[in-house]
Each structure stands twice: as C-alpha cells, then as structure tokens.
Amino acid sequence: MKKLIYIFCLSVIVNSSFSQKINKILTGIVINQKGKPIEDAKLTFTNATLDEKLIAITNDSGIFRVDVPDVTLNITVVHIGYEYYYLEEYKPKEGKNLKIILKAAGVLENVVVTTGSRTNQRTLINSPIPIDVFSQNDLRVTGQPAFDKALQFVVPSFNSVNIPVNDATTLLDPYEIRNLGPSRSLILINGKRKNLSSLLYIQPSVARGEVGADLSAIPLDMIERVEILRDGASAHYGSDAIAGVLNVILKKKVDKSILNVSSGITSKGDGQSLRISLNSGFSFGLDNKSFFNYALGANKTDNAVRSTPIDPLGEIYTLGNPNASASDPVNQNIINYLNKYPTGNNINGTGATQFIQFSYNSELYINQNTYLYSNASVVLKNVLSNANFRQPYWEVDYGLLHTNDPSGTNYTNNFTLNTNGQEIYKGYLGFQPTFEGDLKDYNATLGLRYFNNGWSTDMSLTIGGNSQLYNIRNTVNKGLAIAYGPASSPINFKPGGYSFNHVVGNIDISKQLNKFTSIAFGSEFRKETYQIFAGDTASYSLSGSISFPGINQGAAGIFTRYNLGFYADLGIDIFKWWLVNGTYRYENYSDFGNASVWKLSTRFNILEDKIILRGSFSTGFRAPSIQQIYTQTYYTTTNNGSFAIAGLFNNQSNQARALGIPALKPEYSNNLTFGFGLKFGTHFSLTLDYYDIVIKDRILLSSSITSSNPSTDLYKILQQNNISKITFFINALETKTSGLDLVSNYKNIYIGNRANLNINLGLNYQLVNQLVGDPNANAPAAIKSSGASILNEQIESLITESRPVYKGILGFDFKINNLKIFLNNILFGPTKFIDIDLGSSPNIKQVFKPAVVTDLNVGYDFNSSISAYISINNIFNILPKWSLEAVNAQGQAELDATKVIAGQTISNRRLIESDITFRGRYRNTGYSGSQFSQLGTIFSAGITVRF
C-alpha cells in the first residue's frame, strides 16, 4: 500500500496579539467528483480573530493535516483545473475527517490564475479582466511541434506565421496579440519577465521594426498551463504589456518520467521532422514537498520547399530588355533558362532547423513558511535557409562558385551579354546563397518566498539572454570582385550578429488585510545590454555579400540601459458580488526618463455567479526597445557614379541628426475593456469582451527615404552625408485598435456510456485598426518639405491590414474509453498587403481570402504507461488564396491596362502579380506573407511512455 505522507504547511507566527491556543488537529481529504485524490490542493483557513491565515497542502493521496485553534473557520480550497471551493464557519471536531469534493472547471469557471493581479490570486470567474487558460494537453493536441505554433491554433487573438523570405527570421517567427506586434505583448515565465530576442525584424512583412521573445525556446514538456491576459497590464508589469500578457506556468511535481517521441512530414514528402523529449523529476526534503522537475529535448526539421514558376516576361520587364523582341540575346537567355528551369532553381519555403533544449523547475522548502524556488531553460538552435537563387541573367559569380565554363566568359562584364542561352544551362547555372544562423536563448530565476504574520514576500533575481551569429555561404561580394578582381572576394562570409541579455530583480509583497481587502506593492530593477557584432570586412565592404550584407564595423558596439520601477495594488471586495481593483506604477529609465501609469478594474457577480459583468480602464507605456534605439544595418551602393551608403541608421547617428530625426521616446496607451460572462449549470459558459486600445507616439520603422530633386533640402542633406537611401525609427503617430473577443465552452456533454464531448468556440473580431492623423505629421522638416513620406502605403498596410480581420476557432474534444479524438477548425479572416518595394503600385492591394483550416488528432491510451497519437494538420490541404483589388479608380485603370513586353501584349494585372510575387517566386503567399501557412497538409505521429 502506498504510504501516506502527511504534509504540514502552517503559516502562523505567534505574537503578543495572538491569544488563541492551538489545540485541535484537523485532518481530511480532497478528492474530485470521481473520487480520485487531488494532490497539491491548497487549503486556506481564516477567522477574524486570527492574525494570520493557516495553510495546508494535500499530499499525493489528497490528505491534509493542520493544527487549528478551537474557533469556527472559513475554508477555501484552490487547485488548477477545479472550481474554487469555499466553506463558511466550519467548526473543527477532534477525530472527524473533513471530506472536500472539488468540481472540474470549464474555461469561465473557477480556475485559479496568477496573472493580472498583484494581490490575491483570483479565479477566472471572479477576475475583473479577461484571461484565457490553456493546459499542456490543449497545446499538444494541436499537433504543432513548437509552443508558438500551438498557440496559433488555440488562441483566437494570437497570430504567428512563417515569413516567406526567411534569412534571420528562420530562427524565430514573429507573433502578436490583437494585431499589435510582438513588442506590445509581455512574456512571463512563472510570473517573471522573459528576455527579448536580439533580432530586430526589418523585412517588409509582418512585425517590421518589432522585437519579441523567442517563444519556440519554451519547451512544451515543461508547461503546466498558459495564462493569457487579454488586457493592458503596464501598471502591473511595466513596459511592453499594452496588448496583453502571456504567462507560462511551469510544471511542478511529476509522478512518472515521461518520454515523448514523434515525427512528421508534409503531404509533399518534405519538411520531415523528428522530436524526442524526456520529462522527469523527483520530490525530496521537508515532508517531501520540495521537488526538482526537468526536461530534455531535441528536434530536427528539414526544409519544406514551395518554389513556384517564375514569369519570364516579368523577369524580362525587370532584368532584360522589355522594349526589344523576344529574340534579343538578353531576353532569349532569360526565356531559355526558365524553359529548362521553370522555378529558376529557387529553393524557398521553410528553412531547416535543429535544436536541443534543457529546462528545469524546482522548489526547496526550508520550513513550513519559507521556500526557495528556481527555474531555468536553455536552447541551442541552428538553422539553414536558402536565399533567392541568383540566375545567371540576374547576378554572376565572377568564376568563384563554378568550374564548368565552356564560354570563357569575362565575369567582370554582364554575363548575359557574353553567353547565349544554350551555354547558360550547359555551363553556368547561377548560384545559391545560403543563410546559416546559430542561436542561444537562456533564462534563469532564483527566488525566495516566505510567509510571516499574514504577509507574503517574494524576492527573486532573473537573468536571460539571446544571441545570434550568422554565416553566409556560396555567394560573392560583387563590389570587391569588380573593383579588385574576382580573387578579392571570398565565397563564404561571417556577417556578424546580435546579442541581448537582461538582469531583473523583483521584490513583491502582499497581504490580505481582511476578508474584503488585499494589498500588494513591490519594485523591479532591470539592466539590459545589447551588443552588435560586426561582420568580417569582406561581408560589408563596398556592396557587401550578395543576399545578406554584413554588419559594418561602424555599427558595432555594446549598449546598456537601466530602469527602476515601483508599483502598488489594492483590491477590495466591496460586497461579495462587487470587486474593485486599482494599481499604480512608476518607472524611471536611464535613457529617456520617467513614466507613470495606472489601472482601475471592477467586476460584478450576479445571480450567484451566473452572470458576470467586468471592465477596466488603464494607461500604459512601452519603452523603445534597446534594439530599436541602437541597431544600424547599412551597406554601400552606387549613387550618381560614386559610392554612397544606404540602409537603417539609428536615431543616435550623425546621419539621423543631420536630417533632424529626433531621439525615440516611449509609446503611451489608453486601454478600455468591458464585457460579460454567462454560466449555465456546470457545463456551459460564455464570455464576450470589447477592447479599445489607443497608442500615442507609436514607434515605427520608416519607409526608405531618398530624393532625386537637387532643389530640395532633403537631397542636399543626403548628398552632404553621402547617403543614397535612409530608413529610421520614429514616434510616428497615433493608432487605434478595437475589437471583440468571444469565448464559449460546453463541457462534459453526455454521449453514452463512458463517452463525453466538449465543444469550445473562440472568436477575435477586429472592428478598427487604423492610423489616426497625418502619417507625416511628425516627419522631420526636410523630409516633409520634399514631399517624401515617412510611412508609405506599404507600411500603412502592414500596420493596419496585414493580420486577419477575424479569427475563429471551433473545436470538438470527444473521448470514449481510452480513445480520444480532437477536431479543430480555424477560420482565418482576410488580410491585405501593398507591396511597393518590389515595384508594385500603391493603388493595388493583394487581398487574401478567408479560409478554414481543419486539424484532426486521434489518441489512444493502451494502458497507464503507453499512449500514442496520429495527427493530420490541414486535412483538406487548404492553401492561401489571393487576388488583386484596386484601391481607387487609378488602381482599376492600372489593372485594366496592357503592356507590350518583348513584343508580346500582356495585361498589366499579370505584371502587378509578377511584382508582388517577386516575378513568380512566391506565388503562394506573395513577398510579404499570408494569414496562415503555405505548407498544406502535415502528418505527424507520436508515442508517449510513462515509467
């Protein structure tokens, strides 16, 4: 028989004001509705005459034991996944065991959460703000291999998708809550801030100019649950929490070791993946309450190729002689090459990835009132992606990358002028630059928590970092080859990289003063360090390495800043049915000064919690990320026959100052949320919440600014500073985002003997996502007077239209005996893009149509030790589909027009489609991306062994 280990956790400090004599032993058991014991349930015993509350934790048999005074007690019991239990005025009786039965909770019901308040932990049903909770199983049944991808398929307001042009984004995909970019969603692990990535997204696609954390570095095996706060929380947590907070709660004790092995492949036979992980641990120490839980994992995923045919006439229009005939030697070279190689030998889609992970979570009880806690995680990742293949009519390798050259071409001249089409594919086929990235992401927390006289004190130190170093292979530096001869250019380059790390100290103190009032206050200190590593000289000299120029030595450096914050939080249950919570926060940053924000929230429970009304209003802020302040990526180009520099210049640079670009300052926001919840019985629940977020001085990455008009001040300043083009960060304008979040659940529907069904429905619907005011209102005078725009139509579209207008999830979870079937349907709403960078018109939009993606997961428990599953993601092989849409009458005229290319009359619509897809290379998604993956159906299977 399993030995019962009694856990004693009494948080009592006897002082002069405490006159009650402890003279009774209260024992009992906590079980679920099926009679099974519940381990680690937390019981709290209170009485108005007690100076402090008493606490007990159940053991692995659900048993608790606690010494109590001879008074009536109010007892609360909480445990993740169960309803909040409250027993009023219970009189302990010696020798009588107390039996407590907890009911399983639905999403709206009494699940205990830690996110969104610094005072007492609340349940979902009595929280004044909208919070979603997802268990590890909710994430696993999606069949997705990584944490960020799993969230995409369970959270309507969360979006993450592969970027079609990979490069450094192969290391981590951007994500966002409520279409506000990764910079405005705060990521926590066990309530502590996770480090940001060192990568600044600068591609002309989703999340341009943003920085986020590496969610893929968080192992699924270590996750107990995820709490997603869908509301502004800057007053609680500081910078970045404008759109919401994602708090990952790590697993504690494990009964058995768990080995997971899984593999997957796409319906096209590529993108093969293999994953293996082990989760184990042990309990030890005082009453066996201490624990150490760890996970090891490794993953290898091959690339999935989704190259599409290149349009020969589009290539001729851009790289050939469009006004000549098709028999023109240059045009004929293009046609002949693409006749033999329709995709131009491109290998695009998703990159190859491999990584290993280690993580742990631990608590060490020193005594009944004090424990040390610690957690850490590290991931080492390597990725390989392919840049656009350089066809011989586009770029030449100057004899450095191939040996078969029947024509004896002079590679310092244009290749296509010296070789006919037949010789192209008999000899030189072009070259394939590759991008390789090595990433290390780590985080660790060490803390001490103790209870004394009713006060809870939590002190912790957190460190975290993310570093990325890059390699570019199989390419050349054209500028070096032309200026100094082919031998002067290497074919492999180290273009540099980035590193970010932070050190965070927290102290959080709280107390429930009485049955109705709780307070909390605390402080956070943070140091951030950002380092930019220069590439080798050949990677950035002159034109730089083709496909990915290196980081210039002048842009390299180490940059540091500090901030110190204080907060106070007060929660009052004015009545049992009416809660009011208020929070104030003050922060000081070393690089821009002070910020003060506050939040007020309330909640009404009506008809014994069957109806919930809730709302909040808060102010928030987001400090410019240190990456946005200091990153520079510029390269050398030709300008009027001479060399000039072009690229991203930070706001501290001489170039930015010459143009009058100001230093960055914080974004400020106003967040309004209100909604209601309904609960009918123990099975059905529904919540609907409205949100409105106004961000002032929003930080954006500008359009590329240039001028060819010698009479303008802009032209003169650019010439004086030897600049051909410049982009920069700026507090551009105000944006407004509003929408609705719907969450509904129907749990435990009786189907038959030993069978039940759960149905869940979620919807995020965006009502407004717009720029407020003139995009050029804050533009420097020289730019404004020249007629240039700091935010062209493409940038405006990326901000306001590039994510789905709506996203819905309808899931069915069916279980009969040992068989589990999960069917999920995800509705992705329309998205729109304008792509000027590739030559398309600002009057034409690429519009992606709504689509439903269906996933199926079937699992079976063979016994208590072995289970397996088969998963099919995107069963019906739904791919992104899009069409062109005119913005105005001029756009329609452009679509209806025709052009003569190489003697052939074609519709202008074809050329615009060619531009948007980089002349056909990215027909599935366009160059900027889509609202869901282009990979189509993916099969996966796995087995779990518990021992």
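**Exercise 1. The H4–H5 crossing**

Task: In this predicted model, find the handedness of the crossing of H4 and H5, then describe the contact.

Solution. 
- Step 1. Start with the handedness. H4 passes H5 in a right-handed crossing.
- Step 2. Locate the two helices. H4 covers residues 312-319, and H5 covers residues 329-340.
- Step 3. The helices pack at an angle of about 145°, and their axes are 10 Å apart.
- Step 4. List the residues that meet. H4 brings Pro 312, Glu 315, Ile 316 and Leu 319. H5 brings Val 330, Asn 331, Ile 334, Ile 335 and Leu 338.
- Step 5. Sort them by type. Seven residues of this contact are nonpolar, one is polar and one is charged.

**Exercise 2. Nonpolar cores**

Task: Which residues touch the most other members of the largest nonpolar core? Then explore the contacts of Phe 728.

Solution. 
- Step 1. In soluble globular proteins, nonpolar side chains tend to be buried together.
- Step 2. Turn to the largest nonpolar core. This core has 74 residues. Tyr 470, Tyr 530, Ile 726 and Phe 728 touch the most other members.
- Step 3. Ask which strand gives the most to this core. The answer is E37 (residues 729-752), with four residues.
- Step 4. Look around Phe 728. Leave out residues up to four places away in sequence. Phe 728 then touches Leu 648, Phe 649, Ile 661, Leu 700, Leu 701, Ser 702, Ile 705, Ile 783 and Ile 790.

**Exercise 3. Strand E5 and its partners**

Task: Is E5 mostly covered or mostly open? Find the strands that pair with E5.

Solution. 
- Step 1. E5 (residues 73-78) is mostly covered, with six of its six residues buried.
- Step 2. Leu 73, Ile 75 and Val 77 point one way. Asn 74, Thr 76 and Val 78 point the other way. Residues on both sides are buried.
- Step 3. Take one partner. E2 (residues 42-46) pairs with E5 in the antiparallel sense over five bridges. Here Leu 43 has Val 77 as its bridge partner.
- Step 4. Take another partner. E6 (residues 85-90) pairs with E5 in the antiparallel sense over four bridges. Here Val 77 has Tyr 85 as its bridge partner.

**Exercise 4. Strand E27 and its neighbours**

Task: How many bridges join E26 to E27, and how many join E27 to E28?

Solution. 
- Step 1. Count for E26 (residues 492-512). 16 bridges join E26 to E27, and the two run antiparallel. Ser 510 stands opposite Ala 520.
- Step 2. Trace the link. A hairpin of four residues joins E26 to E27.
- Step 3. Count for E28 (residues 557-575). 16 bridges join E27 to E28, again antiparallel. Thr 517 stands opposite Ile 572.
- Step 4. In E27 (residues 517-533), 12 of 17 residues are buried.

**Exercise 5. Positive phi**

Task: Where are Asn 474 and Asn 877 found, and are they buried or partly exposed?

Solution. 
- Step 1. Read phi. Asn 474 has a phi near 60°, and Asn 877 has a phi near 55°. Each value is positive in a residue other than glycine.
- Step 2. Asn 474 is in the loop between E25 and H7. Asn 877 is in the loop between E44 and E45.
- Step 3. Use the cut-off. Buried means under 20% relative accessible area. Asn 474 has 29%, so Asn 474 is partly exposed. Asn 877 has 37%, so Asn 877 is partly exposed.

Key
Residues numbered from 1 in each chain as written. Predicted model: local features only at pLDDT ≥ 70, side-chain atom pairs only at ≥ 80, totals over all residues. Heavy atoms only, no water. Axes fitted to C-alpha atoms, helices over the stretch in contact; angles between N-to-C directions. Left-handed = near helix turned anticlockwise from the far one by under 90°. Contact = heavy atoms within 4.5 Å. Nonpolar A, V, L, I, M, F, W, Y, C, P; charged D, E, K, R; others polar. Core = buried A, V, L, I, M, F, W, Y, C linked by side-chain atoms within 4.5 Å. Buried < 20%, exposed > 50% of the residue type's maximum accessible area, 1.4 Å probe, protein only. Pairing = 2+ DSSP bridges.
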